[in-house]
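Please open the model in your viewer and keep the sequence panel beside it. The tour below moves from one selection to the next and says what is to be found at each stop.

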Amino acid sequence: MSEVLVLVDHVDGDVRKTTAEMLTAARRLGEPSAVFVGQGYAAAKEELGRHGAAKVYLAEDAVYTDHLVAPVAELLADLVGRVSPAAVLIASTNDGKEIAGRLAIKTSSGLVTDAVDVQAGEGGVTTTQSVFAGNYTVTSQVGTGTPIVTVKPNSIGVEESAATPVEEAVSVEISEAARAARVTARTAKEKSGRPSLAEAAIVVSGGRGTGGDFGPVEAFADALGAAVGASRAAVDAGWYPHSHQVGQTGVSVSPQLYVAAGISGAIQHRAGMQTSKTIVAVNKDAEAPIFELVDYGVVGDLFTVLPQATEKVQEHQG
Amino acid sequence: MNIVVCVKYVPDAQGDRGFESDHTTDREGVDGLLSELDEYAVEEALKIVEAGEGEVTVLTMGPDDAATAIKKSLQMGAHKGVHVLDDAIAGSDSAATSLVLAEAIKKCGEVDLVITGLASTDGVMSVVPAMLAERLGLPQVTFASELTVEGGTVTIRRDNESFSETVEASLPAVVSVTDQINEPRYPSFKGIMAAKKKPVETWSLADLGVDASQVGLGAAWTTVTDTQARPPREAGEVVTDEGEGGAALAQFLADRRLA
């Protein structure tokens, strides 16, 4: 059975859920081989085995973290040449997509980004994407080279399958050109204790209607174990950090439940959340376009509706 | 300082976007415009040149109408335009796009910086800047929310969910910028008038030495096999809060096992 390379999405060995999703998808296409780049493998090992990684390629050299994506693309291109995988799966993050882009050029291979599903089809690997603000579903196949697919977080149901991975350290001569962009400083962001936006099963977002007070949004999010998002209007006003912006120019999310509070639902925002499974909105304006999308909507003041809902949810959880 | 800004002409996201029968983007049904995210790239290039010296060339590939994207950029203040126009380009994927743009950039001569937006608002792949860097053999410093150019070095700040990073590279380099980097200017009346006199060159694939067999729908490395409009969402229930809206919301979530 052909190997399927999965580039492990992690922060210092803390494996993100996307990796388990990719390993699950990889098992449909062949035998998953995780590619672990950077530090912290000891912390990641158990998780990779639990999701069926038959093999782990380990690249712990600092060259991969001291530079932007080019060295990782060179490493993967070398592996693609050596093992002729059935596919390469990479998380659909900014870095992930760029690694995939470079790898596609290096190996003359077709590329699909933001796949929400990956299956073994008759003509090879078949991918599904959701485009134009979620209004179209696109199916694609790669006809040239090795299918390179970036997988959108939270799209594929995780199934466990235990394996004891064989480990192989890999080192590749990284070109001078790939070392040209140097990371000169890196500051870790403060952890909020909430799940990360792209991966969260539930997201509660606030917009212009919060008037800058995200208190009720955060409280409701915490009651639901949710991540907190923000609309562009709220971010532009300086009320919430840009890293939490949901939408076309921010993070694209696809959770089980999306709650939009005080968000009108401009097209750019909808583009980033329209594929959420269940959509709920709270807004004072009954005419807000967000209500066209909802499974459940409350026309009302978020400052009274959210605290009441928070209290009821907490009661329900007992 | 010579800067090339790559821009794209896209269907307006406010419109009803869709696909042709060959699964390429429908460009007839919806008005097109300069991709909103490219305005930040044009603005940043203008700021760099205004702070020192040099020239901003705006580069696009696409059908006749794509000249609209160049025109808007010239009205903002870019100095000249290059339009790669060739029937064979239609349906090109990201790999072919990066090939054509890379050859056009080479033909522009001495280029210190290539600046792009973070993604186009139609394909939203975010891969062309990295592909360009790969093809041109240049460093890429992408997703910049701040940018400075000094003494032959470009330094950017970029953020992701976990980190805030400072990255630097020697010129020439490929840069992509986010919508956090600046506030794009509106074309002034003077700018609109001046744009009419600015040079726009039109290059064919032959001018770039690119063979038609390397681009277009037929040469795509990835084939779209199907495009389906998603069935419209069924209208959900909307209630008006008269004191119990929050409780009703909590009950809805409990019924769906979401809380």
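How many bridges join strand E16 (residues 278-283) of chain A to E17(A), and do these strands run parallel or antiparallel? Select both strands: four bridges join E16(A) to E17(A), and the two run parallel, where strands are DSSP runs (E) of at least two residues, helices are DSSP runs (H or I) of at least four residues, and both are numbered from the N terminus. Two strands count as paired if DSSP finds at least two bridges between them.

Before going further, note that this is a predicted model, in which local features need pLDDT of at least 70 and side-chain atom pairs count only at pLDDT 80 or more, while totals for chains, interfaces and linings use all residues. Residues are numbered from 1 along each chain as its sequence is written, chains are lettered from A and ligands numbered from 1 in the order in which they are written, and side-chain values use heavy atoms, with hydrogens and water left out.

**Stop 1: strand E17 of chain A**

Stay on E17(A), residues 296-299, and show the side chains: Tyr296(A) and Val298(A) point one way, Gly297(A) and Val299(A) point the other way, and all are buried. Here buried means under 20% relative accessible area, exposed means over 50%, and partly exposed lies in between, computed with a 1.4 Å probe and protein chains only. In a regular strand the side chains alternate between the two faces of the sheet. Across from Tyr296(A) you will find Val280(A).

**Stop 2: strand E9 of chain A**

Select residues 136-142 of chain A next. Six of the seven residues of this strand, E9(A), are buried, so it is largely enclosed by the rest of the structure. Strand E8 (residues 124-131) of chain A runs antiparallel to E9(A) and is joined to it by six bridges, with Thr128(A) standing opposite Thr139(A). The hairpin of E8(A) and E9(A) has four residues between the strands, and Phe132(A) takes a positive phi near 50° there. Then select strand E13 (residues 222-229) of chain B, which is antiparallel to E9(A) and joined to it by seven bridges; Val138(A) has Thr227(B) as its bridge partner in E13(B).

**Stop 3: salt bridges**

How many salt bridges does the structure hold over all chains? There are 34, a salt bridge being a side-chain nitrogen of Lys or Arg within 4 Å of a carboxyl oxygen of Asp or Glu.

Begin with Glu74(A) and Lys106(A), whose closest N and O atoms are 3.8 Å apart. Glu74(A) is buried, at 14% relative accessible area, whereas Lys106(A) is partly exposed, at 30%.

Next, select Lys189(A) and Asp159(B), whose side chains meet in a salt bridge of 3.4 Å, N to O. Lys189(A) is in the loop between strand E12 (182-188) and strand E13 (202-206) of chain A and Asp159(B) is in strand E9 (residues 153-159) of chain B, so the pair joins two chains. Lys189(A) is partly exposed, with a relative accessible area of 25%, and Asp159(B) is also partly exposed, with 29%.

Glu176(A) and Arg179(A) form another salt bridge, at 4.0 Å from N to O; Glu176(A) is exposed, at 64% relative accessible area, while Arg179(A) is partly exposed, at 29%. Finally, select Glu46(A), Glu47(A), Arg50(A) and Glu160(A), which are linked in a network of salt bridges.

**Stop 4: the whole of chain A**

Zoom out to chain A, whose secondary structure comes to nine helices and 17 strands. Its C-alpha atoms fill a box of roughly 60 × 45 × 40 Å, taken along the principal axes. Of its 318 residues, 59% count as buried.
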